[in-house]
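I hope they are handy beside your viewer.

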Amino acid sequence: LKELVLQCPAIKIEELPSLTPLTHLELLDCGLMQLGTDGIERLRGLANLQTLILDATDLNDDSVAGLNSLVELRDLELANGGFTDAGLKLLVLPNVRALSLSGCALLTDSGLHNLGGFTNLRYLDLMDAGVVGKDLTGLASAPTLELVSMSAAQLEGNDRTLSKIKEPLPKCKVEVQIGRAH
């Protein structure tokens, strides 16, 4: 089994049988599920996991650091998560190339300085996150960034901020989408 989709809001991951025997699992989608207090710990044994989708889960500052054991992750979707800038600072996932933080309302412009744990990050989705585009200089903490997605509403009236991104990240493009991502 290489891919597993478990989107079911009524089930907690901690109530499932162990996922550890799924040694070849590369993609796990637990969107909408409840992680519970030990849910992230249940994912520790998934050594080959490359894509993890935890959209709209109860992930928070207390549980987010548990993801650091998933060293092979390349794509991480944490859209609509309930963690803050402090939780983002706890993440150290050097192999992640694509990170979705869309809809993470508790993240701020200041939290972008906490992207240093993503040393190979190429794509960052900030659509409809709490980031309002007044100070995007924190993106420089992820020097490998090539593309950042944000909504037009987040950047309204912040043209000077966009030009500041080009100083530390000359190859980074900012994709501005009109309307909501969802």
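1. A word on burial before the residues: buried means under 20% relative accessible area, exposed means over 50%, and partly exposed is in between (1.4 Å probe, protein chains only). By that rule E26 is partly exposed, at 29% relative accessibility. This is a predicted model, so to speak: local features need pLDDT of at least 70 and side-chain atom pairs count only at pLDDT 80 or more, while totals for chains, interfaces and linings use all residues. Residues are numbered from 1 along each chain as its sequence is written, and side-chain values use heavy atoms, with hydrogens and water left out.

2. Take strands 6 and 7 for a closer look. Residues 123-125 (strand 6) and 147-151 (strand 7) run parallel and are joined by three bridges. L124 has V148 of strand 7 as its bridge partner.

3. Which residues touch the most other members of the largest nonpolar core? They are L28 and L67, in a core of 49 residues. Such a core is a set of buried Ala, Val, Leu, Ile, Met, Phe, Trp, Tyr and Cys residues joined through side-chain atoms within 4.5 Å. Beyond its neighbours within four places in sequence, L67 is in contact (heavy atoms within 4.5 Å) with several residues, including I40, L52, L78 and L93.

4. Now the charged pairs. There are four salt bridges, each a side-chain nitrogen of Lys or Arg within 4 Å of a carboxyl oxygen of Asp or Glu. One of them joins K2 and E26 at 3.3 Å, N to O. K2 sits in the segment before strand 1 and E26 in the loop between strand 1 and strand 2 (27-29), so the pair ties together parts 24 residues apart in sequence. K2 is partly exposed, at 49%.

5. Another salt bridge links E146 and R122, at 3.6 Å from N to O. E146 lies in the loop between strand 6 and strand 7, and R122 in the loop between strand 5 and strand 6. Both count as partly exposed, E146 at 44% and R122 at 23%.

Conventions. Pairing = 2+ DSSP bridges. Helix = DSSP H or I, 4+ residues; strand = E, 2+ residues; numbered from the N terminus.
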